[in-house]
Amino acid sequence: MGTRQPSTGKGDGPRARPRLSAGLSASDPPTRPRSPAAARAWWIAGTCAGLFVVVTIVVKARWAPLAHADTDTAADLNAVVATRGWLIDSADVLSILIAPFILRVAALAVVVALWTRARPGRGGNARGLGRLDPAGLRWLTLFIAITVGIGGIIGSAVKALVNRARPSVAAPVATAHGTSFPSGHVVGVTVAVLVGLTALAAVHGRRPPVVVAAPTVLIIMAVGGARLALGVHYLSDVIGGCLLAVAWTATMIAVFTRRIFEGSSSDLS
């Protein structure tokens, strides 16, 4: 009768526990990698926020080169626009149609409609939209409400902080209340456009095609051009408004993207 050989640990006995990184145990859940979309949004938010801070500092400090460039641009545009009534009327109508208040009311209507659809009604089930289940649709609704609502508050707070006077031109063609930097119209329309494109991507499960995205860029440029043409903003007001809006919206996209696009077991009941 042969002598039993000692076990080598191969093929018998309990399996060896896998080697773990320091600070982790076998029962810890695996860490989910950061979404590429979220990482990209954070990068865009940080870049635009940094640029916005720089623009805000030089505007607040009344840096002479920027002040002269803004003043000269406003004067040159005023000389061209003042004698063209149709251009003034077009810019005025566009400013009214895309006013921040109008955009916020429209966003509120969308929020109410989406939340009502995603919430279970009496005798009915909650409904999703497109590729979104009801939970994903509720996260999208919160994203829209927070991004549009707080975005306007941030813009107003920066206006009060910088307290920049409106341009003074030789032949005024329009008036506007409040301070100048950043442009509230540009902040509002940029946030609305980016939120709308994000919502479309979430519902359809893919990025909007160029034929949809490109006109939205033209809308932002048109609104900014209208405010410049009316002589109620400097060029740096428009640039600052765009940077602020992109930084804020990209931050919210980074925060909400996993909940909206990848789904979640959490339920916003």
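## Salt bridges, rings and a nonpolar core

A search of the whole structure finds two salt bridges, a salt bridge being a side-chain nitrogen of Lys or Arg within 4 Å of a carboxyl oxygen of Asp or Glu. The model you are looking at is predicted, so local features need pLDDT of at least 70 and side-chain atom pairs count only at pLDDT 80 or more, while totals for chains, interfaces and linings use all residues. Residues are numbered from 1 along each chain as its sequence is written, and side-chain values use heavy atoms, with hydrogens and water left out.

Here are the two bridges:

D237 lies in helix α8 and R164 in the loop between α5 and α6, so their bridge ties together parts that are 73 residues apart in sequence. Helices (H or I, at least four residues) and strands (E, at least two) are DSSP runs, numbered from the N terminus. D70 counts as buried because its relative accessible area is 3%, and R164 is buried at 13%. Buried means under 20% relative accessible area, exposed over 50%, and partly exposed in between (1.4 Å probe, protein chains only).

One neighbour of R164 is T179, which also touches K159, A160, N163 and R166, not counting residues up to four places away in sequence; contact means heavy atoms within 4.5 Å. T179 sits in the loop between α5 (134-162) and α6 (184-204).

Now let's turn to the nonpolar core, a set of buried Ala, Val, Leu, Ile, Met, Phe, Trp, Tyr and Cys residues joined through side-chain atoms within 4.5 Å. The largest one has 34 residues, and L132, L140, F143, I144, F181 and I260 touch the most other members. Its largest share, nine residues, comes from α8.

Aromatic rings come next. Rings of Phe, Tyr and Trp (its six-membered ring) pair if their centres lie within 6.5 Å; planes under 30 degrees apart count as stacked, over 60 as edge-to-face and the rest as tilted. Three aromatic pairs turn up in a search of the whole structure. F52 and F181 are stacked because their ring centres are 5.9 Å apart and their planes stand at 10°. This pair links distant parts of the chain, with F52 in helix α1 and F181 in the loop between α5 and α6, 129 residues apart. Both F52 and F181 are buried. Elsewhere, ring pairs link W139, F143 and F256 into a cluster.
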